[in-house]
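Hello,

I am passing this structure on to you, and my notes follow it. Please have both open side by side as you read.

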Amino acid sequence: MGNGWARLGGCSYGNVIELLFDYNRDGYFQKALFILETFGLDFMVRFSEVRRMADGMSSFWGPVTSTTEWCETNYVYSSYIAEFYNTISNIPCILLALIGLINALRQRFEKRFTVLHISNMILAIGSMLFHATLQHVQQQSDETPMVWEMLLYLYILYSPDWHYRSTMPTFLFLYGAAFAVAHSQIRFRIGFQVHYMILCLLCIPRMYKYYIYTQDVSAKRVAKLYAATLFVGSLCWLFDRLMCKEISSGPFNPQGHALWHVLMGFNSYFANTFLMFCRAQQRGWNPKIVHLMGILPYVKIKKPKSQ
């Protein structure tokens, strides 16, 4: 790397682009940009153009076609991964959903919880594809499962008191299918965010009702962890979204959106655990909260012999 830095002082515009590609491939792209700015080379007036060209040409997936990008420099560590931290930060969600799925299958919970944990995994995988490629099609593989997952939460939360069993799942299924078709044809960034927020807000009153009617201290603690991760994760999302200009000009990027992914992975797990506890109480399965390796809470049930 030292020889490359030594050549920067007298190299041409094209030479620097070539060097940028080399440093980008080796993981030194940010350092290359810093050195260029420090040296104050003549072509620094075209700094943004150099960076844009380097990003575009080093991309395996081609130009960005998604309707949104996050506050992370593209293709810093690999030409195959646009937003590295935003991509790998979905892994905890997949692992936590897998743990919940195994628990639901092992204790033979209702199929709704099997589907719920699988939907968490699908959402995380879709998010990985989106942030790795920043392509519009992959963006749909992230955003459409987000809506489907919230519809599933609405079903689990409200179905116990719904007297017409077939109407709710039928309506939610048709609604989810209609949204998927509309979302594939129409690009609406703000509209999607507002729509998703409304679905989330519809879940909160019911979650609060379950909380106040739950007497188990351990279950209440899980619900508090759900609320805490949601609150802190939302702050991370907003910080990354609203303060990107300040973050980009600073020496360190805290990767707020990646932290949002990690916290939402735990948030989904805590929500699922609390809902499984409440549903087990409704079914008379004598649930209790125990901890995996003394850390991660999960629900253990004891069904009556008749079941």
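M276 is in helix 13, which covers residues 256–282; helices here are DSSP runs of H or I with at least four residues, strands are runs of E with at least two, and both are numbered from the N terminus. M276 is buried because its relative accessibility is 2%, where buried means under 20% relative accessible area, exposed means over 50% and partly exposed is in between, with a 1.4 Å probe and protein chains only. Leaving out residues up to four places away in sequence, M276 is in contact with N103, A104, F109, F113, H117 and V299; a contact means heavy atoms within 4.5 Å. Between M276 and I156 there are 9.6 Å from C-alpha to C-alpha, although the two are 120 residues apart in sequence.

A word on the background before we go on. This is a predicted model, in which local features need pLDDT of at least 70 and side-chain atom pairs count only at pLDDT 80 or more, while totals for chains, interfaces and linings use all residues. Residues are numbered from 1 along each chain as its sequence is written, and side-chain values use heavy atoms, with hydrogens and water left out.

As for the overall picture, the protein has 13 helices and two strands. Of its 307 residues, 46% count as buried. Among contacts with a separation of 6 or more, 64% join residues 24 or more positions apart.

Now to the annotated residues. An unreviewed UniProt entry lists W70, E72, N74 and E83 under "binding site"; UniProt positions are in the numbering used here, feature names are shortened, and annotations may be inferred rather than shown by experiment. Of these residues, W70 is included in the lining of the largest pocket. A pocket is found on a 1 Å grid over the protein atoms alone, as an open set of points where a 1.4 Å probe fits, with protein on both sides within 12 Å along at least five of seven lines; lining residues have an atom within 4 Å of a point.

W70 belongs to the loop between helix 4 (47–57) and helix 5 (84–88). Is W70 buried or exposed? It is buried, because its relative accessibility is 11%. Beyond residues up to four places away in sequence, the contacts of W70 include E83, F130, W237 and R241. The charged end of R241 sits over the W70 ring, 4.4 Å from its centre; this requires CZ of Arg or NZ of Lys within 6 Å of the ring centre and within 35 degrees of the ring normal. K303 lies over the face of W285, also with 4.4 Å to the ring centre.

E83 is in the loop between helix 4 and helix 5 too, and it is buried because its relative accessibility is 0%. The E83 side chain reaches the backbone nitrogen of W70 at 3.1 Å. With residues up to four places away set aside, E83 touches E69, W70, E72, N74, H131 and L134.

Finally, the rings. There are 13 aromatic pairs, counting rings of Phe, Tyr and Trp (its six-membered ring) with centres within 6.5 Å; planes under 30 degrees apart are stacked, over 60 edge-to-face and the rest tilted. Y77 and F84 make a tilted pair, with 4.9 Å between centres and 50° between planes. Y77 and Y85 pair edge-to-face, at 5.7 Å and 85°. Ring pairs also join F60, W61 and Y80 into a cluster.

Best wishes

Definitions and conventions. Polar contact = N/O pair within 3.5 Å; in protein donor to acceptor, adjacent residues only side chain to side chain.
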